Amino acid sequence: MREIVVALVGNPNVGKSALLNAIAGADVKVGNWPGVTVEKKEAFLKYKDYVIKFVDLPGIYSLRNQTTEEKVTIDFLLKEKPDIVLNVVDATNLKRNLYLTIQLLELEIPMVIALNIWDEAVEKGIVIDYKKMENLLCHPVIPTSAKDRYGIDELVKKLVEVYENKRFIQCEHFEPQFEEYLKKVVQLVKDYKPVLLDVYPKRFLAISLLEGSLNETLQKELEEKIEEIRQEIKSLYKKDVKTLIVEERYGVVLSIYHQTVKKQQEDVVDSSITLDRIFLHKYFGIPIFLFLVWLVFEITFKVSSPYVEWLDKVLSVISSWTLSLLDSVKAPEVLKSFVAEGVLGGVGFVLVFVPVLFTLYVIIAILEGSGYIARAAFLMDRFFGVLGLSGKSFIPLLLGFGCNVPAVYATKTIESEKEKILTTLMIPFMSCGARLTVFAFFVSIFFTDNKGLVIFSLYLIGIMVAVLVALILNRFYFKTKSQFFIMELPPYRLPTFRYVINTAWSRVKAFVVEAGTFIFAMSVLIWFLTNIPYGAKKDETILANVSKQVAVVFEPLGFGTWQATASLFSGFVAKEVVLSAMGNFYVGEKIEEEKKNLTFMEGLSEIGSGFVEANINLVKNFVAIFGFTKQEQQEFDKNLASAIREAFTPISAYSFLVFLLLYTPCLATVFAIKQELNSYRWMFASIAINFTSAWIVSFIVYNLLKNFL
Amino acid sequence: MKTLKDLRPGEKAKVLAVEGCEEVKQKLYDLGIIPGEVVEILQDAPFGGPIKIKVHDYCLALRRKEASCILVEESK
């Protein structure tokens, strides 16, 4: 079987991913382009004797080699040399889309053009003579619609046909005189640096040399000769080359457009413009946005929580089965502990994120696919521009208050690499739900009179540190990058159910495979640290010994004991385990879950009834989003409470909480950052920033309070 | 000289040139804001936020700072 590599190229928001989904089904692989934060999607399709490999390139407006997306695209097209470019074009927005098409033709790769969103064009009364367009562009044009799978089979057939014919016809569609200049440049390259012609397509080379945008060093003579041509063009056309090239391209586009497109009715009332009158309303726009964000938050966490509980139950059943199995072969205690806590515990850490991430990805796919996310950026730009961010950062940051892990993955909606990095580094400072349980416990011991105020102050410190970190990074790290905000507001569209589910599924799969492996491995490692030597006293394990050495670091913060240090170590894995770890270190008792011995059938029925219960809870939670429900009061361990009362003063307790708030939230977040930013460097930077700021702020807080209270 | 920033929602204008803002000039060009093209201001965000314009057949958002680099002539 031979492989045909097809690269999907097109503007953002033209339904490229949806088309890929329609062609290849659910089997889309999600990853990252090497070295950058841009998402990479690949899919395979068997057709006749071929395997067609589709590579979805990032959405771009031009081939200018400036943005990350453009660089990734050009790099792939020139270096990997795909067999065919599949240019996906929005049939309802042809002028701007064809501008990229004209540029793609300059790359001299066989091309097929998909006139996508055809159904909407028909609905809007736009009549496109695509056969004529085919002649004018010298490449096949096929109307498609991912929504009702229109034209998909024909498209695939055409791709194979183009591959078998292996022909490329270059249209020379610029002004004849200008075409002559391009030929002159090519001749110059032949004379001075012919090696360039092996690397770059002729037309692309000539144009980028004239524009001065080619990333190659040239001999002085060649550079001078090209400059001469530039001057000649300038005096002939009375404008500089760059402007002229853009105008020539648009000239071609408009000429094709006017020859092939007819609108039956002029200016039908566009539903997108009407919807924007509501969603972007000068005074109601922001309140509507805040309401929607609140809804996203509630749905993400409330829809997923019953299933998280259910998965918990499934795991405990599996662990009880495993333990009985181990018992029956008389396995030693240490092995039982390792399997139950190390291995199954690790699996649990990964699995609990699956429901919340799946829900989040569904919501994100809807927000992105519908076009609303761009409106969020528009509305909040005024407030986030100061921090060097756009409004798109708002949703991830807010989700951070629920859980940092989905928050990091929610930065998928941010295209700008710089904004994405900044937002990701800010997220860990957003105090998540797991931290709140620790706060609540401490506050109930030390600050019974003003619980709310103390917890509120912690949230506020988190936000202030995040803002400060953003300002500092902007001032000293990203200083070279200039800021502007020019963004398309795509038409509102209803994403298909299929697309939403498939996208969410591929992304969750990528999480389980990548981050999941890491988190699992680390949790096994942590088991060793806390349990070896096995059966040793609580202050003789590896972790306790290391903590005794490290504790001195926390001396200036008011809590330089090995127990506090070891608790912070455990908190690095996940904040959920801090309290149970503290019980272990301070009281020496493991807060054991009741272990039941279940037969196989009992386990199954437990899992089954748990699932039914989860679905009932889902409905209850949905009702709760819009109604009023009372928060359940948590029960705290009495022994631990008195031990903590002994070990901390109110001031050192507050300092401890500040540290707990600001340092790395959990392993899962760490690996989410690695996966989403596609970089170990930023992962370590994030950990370093969190620890440093945690130490500094706790130090300041502790010493201020100690001296002034 | 009038710029896009001086227009109010509902007004239309013809682009004459893009001046200043060298770094965004090419980007604006690529997005179809070229001399001779007619653009229409559709909406503006509160508190001096970005504006929403229509160019060719689609909508574009940009900050007022960028809008002030687009020289225009009011079209009737």
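Domain bounds here come from an automatic or database domain assignment. For chain A that assignment gives domain 1 (2-165), domain 2 (176-263) and domain 3 (290-596 + 633-708). The model is a predicted one, in which local features need pLDDT of at least 70 and side-chain atom pairs count only at pLDDT 80 or more, while totals for chains, interfaces and linings use all residues. Residues are numbered from 1 along each chain as its sequence is written, and chains are lettered from A and ligands numbered from 1 in the order in which they are written.

Chain A comes first. Its C-alpha atoms fill a box of roughly 90 × 60 × 55 Å along the principal axes. Helices (H or I, at least four residues) and strands (E, at least two) are DSSP runs, numbered from the N terminus, and chain A has 30 helices and 10 strands. Of the 709 residues in chain A, 43% are buried, a residue being buried if 20 or more other C-beta atoms, placed from the backbone, lie within 10 Å of its own. Contacts (two residues whose C-beta atoms, placed from the backbone, lie within 7 Å) also reach along the chain: among those in chain A between residues at least 6 apart in sequence, 75% join residues at least 24 apart.

Now for the sheet. Seven strands of chain A form an open sheet in the order β2-β3-β4-β1-β5-β6-β8, with mixed pairing; strands count as paired if DSSP finds at least two bridges between them. β2 and β8 (141-143) of chain A stand at the edges with a single partner strand each, so one side of each is left without a neighbour in the sheet. From one strand to the next, the twist averages 25 degrees. At the β2 end, β2(A) pairs with β3 (residues 39-47) of chain A in the antiparallel sense over 5 bridges, and K29(A) stands opposite E42(A) in β3(A).

Helices lie on this sheet as well. Angles run from 0 to 180 degrees between N-to-C directions, and axes are lines fitted to C-alpha atoms, for helices over the stretch in contact. α1(A) lies across β1 (2-10), β2, β3, β4 (50-56), β5 (84-90) and β6 (111-116) of chain A, running at about 30 degrees to β3(A). Helix α3 (residues 94-105) of chain A packs on the sheet too, touching β1, β5 and β6 of chain A, and its direction makes about 165 degrees with that of β5(A).

The contact takes 18 residues from domain 1 and 19 residues from domain 3 of chain A. On the domain 1 side, the elements giving two or more residues are α1 (16-24), β2 (28-32) and α2 (68-80) of chain A, and β2(A) gives the most, with 5 residues. That side divides into 6 nonpolar, 8 polar and 4 charged residues. Here Ala, Val, Leu, Ile, Met, Phe, Trp, Tyr, Cys and Pro count as nonpolar, Asp, Glu, Lys and Arg as charged, and the others, Gly among them, as polar.

α1(A) also meets a helix in the 497-531 stretch, α22 of chain A: the two axes come within 10 Å and cross at roughly 90 degrees. That makes α1(A) roughly perpendicular to α22(A), the term covering angles of 65 to 115 degrees. S17(A), A18(A) and N21(A) in α1(A) meet R498(A), Y499(A), N502(A) and T503(A) in α22(A). By class, this contact has 2 nonpolar, 4 polar and 1 charged residues.

Chain B has strands of its own. β1 (residues 12-18) of chain B and β2(B) pair in the antiparallel sense over 3 bridges, with E40(B) as the bridge partner of K12(B). Another 5 bridges join β2(B) to β3 (residues 51-55) of chain B, again antiparallel, and Q43(B) stands opposite K52(B). The hairpin of β2(B) and β3(B) has 6 residues between the strands, and in it F47(B) takes a positive phi near 55 degrees.

Finally, the two chains meet. The contact takes 28 residues from chain B and 29 residues from chain A. On the chain B side, α1 (22-30), β2 (38-44) and β4 (58-62) of chain B give two or more residues each, and the largest share, 7 residues, comes from α1(B). The residues of that side divide into 15 nonpolar, 6 polar and 7 charged. Strands pair across the contact too: 4 bridges join β10 (residues 486-489) of chain A to β4(B), running antiparallel, and E488(A) stands opposite L60(B).

Key:
A residue is buried if 20 or more other C-beta atoms lie within 10 Å of its own, exposed if 12 or fewer, and partly exposed in between; C-beta atoms are placed from the backbone. Angles under 35 degrees count as roughly parallel, over 145 as roughly antiparallel, 65 to 115 as roughly perpendicular and the rest as oblique.
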